[in-house]
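Open the model in your viewer and keep the selection tool at hand.

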Amino acid sequence: MGLFSGLLGHASDLDIAGVTEELRPILADGEEVELGFQIIRDQMIFTDRRIILIDKQGMTGRKREYLSIPYKSITMFSVENNGSFDMDAEMKVWISGQGAPIAKTLDRKSNVAGIQSALAKGVCR
């Protein structure tokens, strides 16, 4: 990920093997990481069962908040790809019981089709 994209808050692909190893203590038995994206220090991870949003806090980033969104609680989602002049794509996820969606901006190189596939596979079971 380039510094410019990172400063704008855009996401880029993460190494799945590295993410899986890092998250092994919090993954359920048999849960597999499918996609991962980095937004400056924060991460957005798609497993076969849920989305995990990791908010790294503080100067060192050692303090972290893990927001786990099971696919079954997602009522609707949208993924907007980038156009000719757009620098970014966007993902929005609506959770039951919440009025506003969770929105994340993605880099133009992000695997937008993979994100849609992971969401569809998880939500449309």
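A salt bridge here is a side-chain nitrogen of Lys or Arg within 4 Å of a carboxyl oxygen of Asp or Glu. The model is predicted, so local features need pLDDT of at least 70, side-chain atom pairs count only at pLDDT 80 or more, and totals for chains, interfaces and linings use all residues. Residues are numbered from 1 along each chain as its sequence is written, and side-chain values use heavy atoms, with hydrogens and water left out.

**Salt bridges**

The count comes to 4 salt bridges. Select Glu34 and Lys121: their side chains meet in one, at 2.9 Å, N to O. Glu34 lies in strand 2 and Lys121 in helix 3, so the pair ties together parts 87 residues apart in sequence. Helices (H or I, at least four residues) and strands (E, at least two) are DSSP runs, numbered from the N terminus.

Next, Glu31 and Arg50, a salt bridge at 2.7 Å, N to O. Both Glu31 and Arg50 are buried. Buried means under 20% relative accessible area, exposed over 50%, partly exposed in between (1.4 Å probe, protein chains only).

Now pick Glu22 and Arg64, whose closest N and O atoms are 2.9 Å apart. Glu22 sits in helix 2 (residues 16-23), Arg64 in strand 5 (residues 63-70).

Strands pair if DSSP finds at least two bridges between them. Zoom to Phe77: its bridge partner in strand 7 is Val93.
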